[in-house]
Amino acid sequence: MTDASSASVARTASHAVHRALFRCAPERGGCGLDLASLKMELRIGPDRLEPGEIGVRPDHGFTAFCPACGTAHDVPLDALGIVHRARAKEPGFVLWKTAGSLVPAQGGVIAIGELRLRFRQLEVLRPEEVCFPAVPVFRLTDGTFKVPDVPVMPAFVDCVDTGALAPAQVARGRYQVELPLHGLAAPVRVELPLLAADAGRLTTDPERDAFRGVNVRFWPRVPFRAWKRFFLSVAAVEPEGKKLFARERPLSVGWIDAADRMHEIAVETAGGASRVACTTERPRWLAMRLEERDRAAGGGLFLLPGGDATYAPALGLALGVDFGTSNTCIAYQDPQGQPHLLPFPSRSGGARDDVLFASGAEPRQHDAPDTWLPHTGFGPKGDLLPSEILLAAPTRQLPPDPERIRALRPIEEYAIPTAGVRVGYPERDHVISELKWRGQILPAQLREERTAAALQEVYLDLAVFFALGQIYAGLGEVAPANVDVRYAFPLVLRDRDRTGLGEMWNRVARRIGDATGLTVTVPDPAQAGDESNTAAVGGRLGFLDRTKTHGRLLVDVGGGTTDLVLMWPHADSQRPPITQYVTSFRYAGGTYVAALAGASEQTVNCLVAGTSIETLRRLIRESSQIRHVIESPAIVRPDKRPTAERRASLFFAYLVEYLARLVVAPFLTGEAPTQADGTWPDPFVVEMIPLGNGWGFAGVIDAYGEEHLITMRLAERVAQVIAEIGPSLVASPHAGPLPTGEREPRRELPRIEVVAQKLKALPHPKAAVAYGLLLGGAASGPTPMRRIVGYTTTVDGTRKVSWSLPVVGDGGAAPAGQAPIAKSSYLGWDAVELPSFPSGLPSPHAMDEGLRHTVRTLLDESAPRDEFQHRWLRRSPFEVLLEELFTKAIPNDGVPYG
């Protein structure tokens, strides 16, 4: 039998099946009339109906009525080999031209016997005609090949039956797929040539000619129907991958939504080596099209991960966000209540979860800003986000307009920098840093209050969204519908700033809710706790061994601030510890980094020419041992290494001096806790707990790092302070500070032992605040600031204010027995105070001659509106020295302290 004869037989059999669809069969309640024998016409419209037309149902069928008995007969279009294209740009019908298919007459008319079916906009196509002429093939890093899931052009994606899709393959040098099309009972086998990576060629040898060095990224892999924001990227990650972006064969990339609408991906990043998109709904397909001589040379569609799961309304997730100056730490509680730190795409043990398929290794060298997601975290454990924004365009092109900043599109216009890469472009031109503190934001033109708030908002939006995407991708299909995002305030923020930060967090919650479909809540600013006490909760700081530990000193040295908490156990073991001092000041790791770079004309820049402070920050964040960065001759000039070490020595010397005075002060004011007989324990043991990444700078001067610095230098300095002071002037514990001129019997101070204690419950010190938020640290509300004067200060040349006296809040009332300090007072430093400043440590007068800057800070800023109402100092003079004088006035030479 000839092919023509076979086709004729198939068509005859097919027509018999088609006629059977129009028989008013008795078994279906009909009268037996054969509608196909009637000379009548049914007009079938795809959308808007005209008089006399029969509409198409949503399930791709129509209804024919028997003119004899009126019985309705449902006729499925696919039984006729026809597809209803309701979602196409021009709705209509396709009749597949295959063996046994119907043969249409002119004008979209199909004859079933004598019955005529007139279709508006009927297109007759062979299955191959909806496909690209060739398909690209990618050689993956594991040695296998990746080809499009379907070779269909985007305009015909609605014709594909996704539910019946089988994997395509490369066999015998050709692309092969069983293509399931609506309107056909069985898939159609399609074979197409392969498009070579080099323009102008097809190939049958994919081993030699496949595309390489291209990675397709899709994030996040969440199965939830309500999730709306997704990121897509097609990137040349190796030089070979640039062939996909060659000008002689233009590439078009797009994504197709659930309604089969095509959206072009036109945004280029990474110096033109990638195309990226931020979507506002789930994409179903990724489309590629390569052209030659203004015609399609090849392409195809890649099916993206879908999802129809729903959230569990009764479940909730807690997220703790420690928005730091240098790094941001995010932790979450799993359904079993256990805290974990944020997982990154490159987490060890598996492939990156943001890469759909990889035909090249992700680049380690970035010569242009790559605004994709951070795949590796910063910090010694690689689990921190840098508190920075990476812009695709230079920062100078970003106007200081809050609305424009809030409209920035993640991945397309900005991202959070990733660790684990070398940066070959000037970061200063693309990175916005120091986001936490408005007055420190770089570049400086973005420091206006509303502008700074908008920058913080878009940063935290992406940081929290990134965290939730990573977390929810690992939860499976049973995931909480509610997310409680908890944050804490730095103690140094004033009430107005706290309110503004709270409003900003509310906007972030709304943005995240819109992007994910989750119910996101944040605490009221009045209920949000401070970072210092929240860190104490995160460390699970119960006083478990009351026989030895009488006090705990938390010292959280971050990038922008150092937060201190000194606490004792309550006499009632069921009650929380008593906080004696809690303070926060802007003297931390960033202070030392600025000192290295030369913060003023008086301080020498220790960095090698061409090394920016941004580069130094990146290297420090990524290093497990900061001293290795400082010791590198490629970073710090070898002739300036002694200066770098000397500045590190002075940095910690001032911090240790303040800590030592803080520990001893409550014994002089009678506030240190006693035993049942009213005496102090001897020795009085204080555990010092280092938190934050800033302690890593101790390695610059001591290979043992913070433990050695704490146990040796602080303990020694506390002993020296006690020895210098001699017997106390406090008559009995808890008597309070002495009134001026009053004399009491002398009493010996106890020995105070300072021991180091690491928090084994934490993965690392930086996690203390984030973990504390999960454990309820944000529920207590802010704690009033309380610190010490720090060094003995003279008032008007005649009166002395002891260094051990407290300073409360924003310049509260003077301590008991102390006269207020008037706005017009003259402040000075008592050079013969006890304890004296250690040898080699510049005194307050040496750092601030005449204390002019200190006086302006303490009196002018703290003056009340009513000039006749006198108040106490607003801030600690010692903290002013640390915050505002260290990087400006630190000497360039001299003997290192210690």
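**One side chain in its chain**

A: When contacts (heavy atoms within 4.5 Å) are taken between residues at least 6 apart in sequence, 70% of those in the chain join residues at least 24 apart. The model is predicted, so local features need pLDDT of at least 70 and side-chain atom pairs count only at pLDDT 80 or more, while totals for chains, interfaces and linings use all residues. Residues are numbered from 1 along each chain as its sequence is written, and side-chain values use heavy atoms, with hydrogens and water left out.

The chain has 898 residues, and 56% of them count as buried (under 20% relative accessible area; exposed is over 50%, partly exposed in between; 1.4 Å probe, protein chains only). Its accessible surface is about 37000 Å², with 51% of that belonging to carbon and sulfur atoms (Shrake-Rupley method, 1.4 Å probe; for residues, only the protein chains shown count as cover). The secondary structure consists of 15 helices and 48 strands (DSSP runs numbered from the N terminus: H or I of at least four residues, E of at least two).

R618 counts as buried because its relative accessibility is 8%. Beyond its neighbours within four places in sequence, R618 is in contact with F378, P417, T418, A419, V421, V423 and E427.

Two other parts of the chain give some context. Strands β11, β17 and β18 form, in that order, an open sheet with mixed pairing (strands pair if DSSP finds at least two bridges between them). β11 (135-136) and β18 (202-203) each have a single partner strand, so these edge strands are left without a neighbour on one side. β17, residues 194-195, pairs with β18 in the antiparallel sense over two bridges, and L194 has T203 of β18 as its bridge partner.

The structure has zero disulfides (cysteine sulfur atoms within 2.5 Å). For C66 the closest cysteine sulfur is in C31, 3.7 Å away, which is too far for a bond. C66 is buried, at 3% relative accessibility, and C131 is buried at 6%.
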